[in-house]
Amino acid sequence: MKTIKFKYLYIAAAMAVLGSCSEDFVTIDPQGKFDTSTYFSNEQQCYAALMGVYDPIRKNTGGFENLVAMLNAGSDDFYAGGGSATDGNGIQNFSTHSLTSISIPGSYWNDHYQGVSRANILLDKLPGATMSETVRARFAAEAKTLRALYYFNLVRLFKNIPLVLVPLNTQTIYDPEQVAPSVIYAQIEKDLLEAIAALPNTVVAETEAGRLNKGAAQAILGKVYLFEGKNPQAAAVLAQVNGTPGQVNQYGNKLLPEFSDLWVTTNKFNAESLLEVSHTSAGNSDWTFWGTGRDEGNTLNIMVGPRGYSRPTGSTAPDLPSGWAFNVATQKLYDVMKDDPRFGATILDLKALKAAGKANYIPAYQDTGYFLNKYLPRQSDVRTGGGNAELNYKQNSYIIRLADTYLMEAEALGSGARAQALLDEVRKRAHLPSVPVTLAAIKNERRMELAGEGHRFFDLVRWGDAASALADRGFNAGTDEIFPIPYTELNGTKLKQNPNYQ
């Protein structure tokens, strides 16, 4: 397949419908064919396609090549781990910052472009569909927000990427060329600003949980501005999301009372969540289609579990199934976090439990004895129905939550009473005293609060701290801030490899 994965741009709508909806919900006639010129004719069909645009956000924690596991592995807080130095070449090579165009998993490129392509097709077809203008505007706003999110991930991961805003066909799939990152960011801003005006303030919890609202789009925009260095704009839009620090915001969001409440598997779409990935144990995912986008379980859960876990009768150690031992925490993270009240909810110190005779496990590659407790699988969550148990964990994952936007606004402000109040509220929830607001204090708070959620690597790059923090991991400044473009995307196309990669 020696093309950019823009081939999805003209077949993705079929995948969106077929991969996201049951036959009871949408019927395609004739069987085995899909005609984008006639399908998008009404609200029901466009809604089915919209759900397909949402599907790729599951890359956050779904599939072996998920974003959180990968980005954790390239930070100073976690190793790749796993069974061996060759257990998942992509994640292993990113952990040592030795990625090449061959070892980079292509899905980090094409899964996001698949999301872009689905959004492009839906936006192209919406004007001709029969539905109310209110519904049409909302569908378009959701598609634009998702397209912006996928492009935001792409530009941070690869930097030099093509901008495609219309469906392509077999004659045009070879045409896209890279544009300056500033062009990508400008389009992201445009999409989000247009979407914010049309998105609802809230969604119906019983039937629309997981769909975007105005606050979620503003949170993404605030983060985009921060990554662009547009601190005043970031502070302004994030203030609309955050409201009065410590109080319920205009969209009904508020910090949860306890940090540990965030990691209760059943606590989905809680008050702190702004943008969340939905997983389910009812998808009957199995090995035949794992990683294709059809699997709906949280794969990070099984990835971070310890191997060969057991505990003696009567032990107070947690009841865990065995896992694959990826994303073991580094001694660095343990040392800076061991006295933080959030440590227990973040890291399971299995080394200590084993020494005390309360649990046992088989040490795997790069073992430190410290496991990512936020996403550890629980025996009570193991799927007992159809599919493979390993692929059907139901814990959702956060893309952005309120504590994150508090700290981003504080960073954008830099100083002052409001920045101090935002920092204080995050620390107060963690049962910690106030400290003077400084960039160093905010950096430390982000590390403690968001450890293991996939933010650390991009934070280090954004702050210019990656070279020093990752010096012992093989990081080369000027190269390893971004991924190489997969070889299969270069071969036969107009794309050029990123600097210093081959």
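Predicted model: local features only at pLDDT ≥ 70, side-chain atom pairs only at ≥ 80, totals over all residues.
Because Arg401 lies in strand S6 (residues 397-401) and Glu453 in the loop between H18 and H19, the pair ties together parts that are 52 residues apart in sequence. Arg401 is buried too, with a relative accessible area of 1%.

Next, select Asp76 and Arg447, whose side chains meet in a salt bridge of 3.5 Å, N to O. Asp76 sits in the loop between H4 and helix H5 (89-95), while Arg447 belongs to helix H18 (residues 439-450), so this pair ties together parts that are 371 residues apart in sequence. Asp76 counts as buried at 5% relative accessibility, and Arg447 counts as buried at 14%.

For another pair, select Asp111 and Lys59, which meet through their side chains in a salt bridge of 3.1 Å, N to O. Asp111 is in helix H6 (residues 107-125), and Lys59 is in the loop between helix H3 (43-54) and helix H4 (67-73). Here Asp111 is partly exposed, at 23% relative accessible area, whereas Lys59 is buried, at 6%.

Finish at helix H19 (residues 456-463), which is largely enclosed by the rest of the structure because seven of its eight residues are buried. Among the buried residues are Phe457, Phe458 and Trp463, and just after the helix Gly464 takes a positive phi of about 75 degrees.

How values were computed. Residues numbered from 1 in each chain as written. Heavy atoms only, no water. Buried < 20%, exposed > 50% of the residue type's maximum accessible area, 1.4 Å probe, protein only. Helix = DSSP H or I, 4+ residues; strand = E, 2+ residues; numbered from the N terminus. Salt bridge = Lys/Arg side-chain N within 4 Å of Asp/Glu carboxyl O.
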